[in-house]
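Here are a few exercises to work through with the model open beside you. Try each task before reading its solution.

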Amino acid sequence: MGFQRNVVKSSSFGLYLKEKHSQFHMHLKAQLKPEKRKLLSMNLLSLLKMKTVVVFFVASVCIQSATPSKLDVRKKRAWIVDSLTMEEEHAGPFPYKLGDLNIEKKVLEEYSIHGQGIDKDPKGILSVSRNGSVYAHGKVDFEEYRKLRITLSKKQTAVAVDIDVLDINDHAPVFNRDLYEIAADESTQPGKALVTVLAADNDQPGTANAHFTLRISSVSPSPSGADFFIQQRKGEQTGSISFKGYLDYEKTQKYTILVEAKDHGEKIQLSSTSTVILNIMAKHGYPSEFTRKTKHASDSSALKKMKQVGVLESGPMLETNKLSMCLSEETTDVTALNPALYSPPLRFQLIGDVQGKWRLRSDYGASVRLIKDGGVHAGHHRLTFKISDSQGQSSVQTLSLLVCDCDASADCKDPAAKMNVAGVALTILGIPGLLGILLMVCCKIRAKQSEKRNKLLVEASEQFLSPDTIEAR
């Protein structure tokens with residue numbers, strides 16, 4: 001009603017101004033000359049327009065004042081967010097109090113309470129008392145649930161309470177290999193990377209629990225002329241082992257280096273170790289234990305395969321240059337040939353136009369997982385890999401990959417199997433023909449034998465019935 005009254009008043013005020021303007025204009029018409037009357041009329045018209053604008057502006061203000069704004073409505077329906085924290089894998093005793101909610105008691109009494117930890121997984125972990133206290137009744141794993149949300153709702157109004165799960169240092173950094181075995185010539189220059197080790201920590205990324213430092217904890221036997229050290233760039237998961245001084249095969253043929261990865265946990269620090277076996281090769285051809293192993297390995301089927309193709313690569317090679325996978329499959333494994341001959345870890349890199357088509361889940365290892373993206377269709381594909389070891393030996397390999405629509409053909413993934421099936425089918429179909437031929441041969445042989453037997457019987461009967469034979473009898 002107040003809004004209508006304001007509008008009526010504003011409209012009346014406008015009519016009143018218009019009426020007064022007409023009366024004043026007629027009064028001046030009678031007294032002023034035509035030129036002055038025209039000029040004055042234009043000025044009054046401009047003034048009237050300005051007043052009309054003012055009237056409509058006042059009316060707009062009245063309308064906005066009388067109408068509830070969308071912002072006010074939105075505020076009434078907005079989330080009222082409160083937050084608490086709980087530590088993962090808390091040892092108890094249970095239940096224990098997480099904290100009190102900053103919510104009116106009336107809301108707690110009238111609103112229904114549900115959400116994660118209450119009636120959604122992980123069920124039964126949390127409870128909210130009527131005075132607003134939140135309690136924990138069990139453990140929560142940070143790797144599964146990093147945040148729990150409780151909702152208090154009534155009709156179209158809701159209150160959300162977020163409970164952040166705090167990561168504890170429950171994972172030690174782990175090396176990708178327990179044992180690295182490498183070889184180095186005694187003439188190797190100081191400072192050159194001998195091997196690169198790789199470790200990873202599964203705690204929350206970016207926290208002190210996930211950040212770790214690599215160091216050499218021991219070297220056996222104690223080196224006399226060489227000082228081994230490890231270089232790790234800030235934030236990286238790899239470290240390269242090098243040495244200062246010199247290597248001497250005559251003094252030491254093998255070193256055992258123990259490498260430690262230790263995280264930076266605030267309360268506790270966790271660690272793990274890996275062993276590096278460094279075999280020293282003599283400069284003038286004196287065979288070390290590793291050299292004898294390598295010579296024996298040269299007679300293996302893997303190196304024979306290299307010789308058969310006529311190329312002995314200076315770097316790691318693919319175990320096979322032909323693979324197949326179904327169109328419905330997302331991944332396949334690509335493996336290096338005889339990785340023990342090279343300095344680990346091996347690194348795989350995809351070369352060429354592979355964006356949106358192919359990628360690697362991890363670059364390091366003797367075998368890597370190749371991921372097929374949505375841009376790949378059924379057919380033959382050629383992928384180029386660069387494979388390198390920690391000492392810089394590398395090679396470029398080409399993989400021929402058949403992506404097959406296995407739903408359309410069950411055996412299209414394996415052409416060899418298809419050929420085998422066809423061969424078996426031909427064999428089965430050929431068996432009746434073979435049996436027929438054998439039967440014909442047997443019949444011919446039997447017919448000849450029967451003909452010969454009949455001939456002998458005829459000759460015998462003729463001889464028996466001859467006159468000479470009868471007289472003799």
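**Exercise 1. Find what L323 touches and how exposed L323 is.**

Step 1: Leaving out residues up to four places away in sequence, L323 touches D333, V334, L399, S400, L401 and L402; contact here means heavy atoms within 4.5 Å.
Step 2: L323 sits in strand β17, residues 322–326. Strands are DSSP runs of E, at least two residues long, numbered from the N terminus.
Step 3: Take D333 from that contact list. D333 and L323 are 10 residues apart in sequence, and their C-alpha atoms are 9.2 Å apart in space.
Step 4: With a relative accessible area of 24%, L323 is partly exposed. The scale runs like this: buried is under 20% relative accessible area, exposed is over 50%, and partly exposed is in between (1.4 Å probe, protein chains only).

A word on the ground rules: this is a predicted model, so local features need pLDDT of at least 70 and side-chain atom pairs count only at pLDDT 80 or more, while totals for chains, interfaces and linings use all residues. Residues are numbered from 1 along each chain as its sequence is written, and side-chain values use heavy atoms, with hydrogens and water left out.

**Exercise 2. Work out the strand order of the open sheet of 4 strands, and say which strands stand at its edges.**

Step 1: The order is β9-β15-β14-β11, with mixed pairing. Two strands pair if DSSP finds at least two bridges between them.
Step 2: β9 and β11 are the edge strands; each has a single partner, so one side of each has no neighbour in the sheet.
Step 3: Look at β14 and β15, which run antiparallel and are joined by 9 bridges. To get your bearings, K254 stands opposite N279 in β15.

**Exercise 3. Describe the ring pair of F228 and Y255.**

Step 1: A search of the whole structure gives 4 aromatic pairs. Rings of Phe, Tyr and Trp (its six-membered ring) pair if their centres lie within 6.5 Å; planes under 30 degrees apart are stacked, over 60 edge-to-face, and the rest tilted.
Step 2: F228 and Y255 are edge-to-face, 5.1 Å centre to centre with 65 degrees between the planes.
Step 3: The partners come from distant parts of the chain, 27 residues apart, with F228 in β12 and Y255 in β14.
Step 4: F228 is buried at 8% relative accessibility, and Y255 is buried at 3%.
Step 5: Ring pairs also bring in F243, giving a cluster of F228, F243 and Y255.
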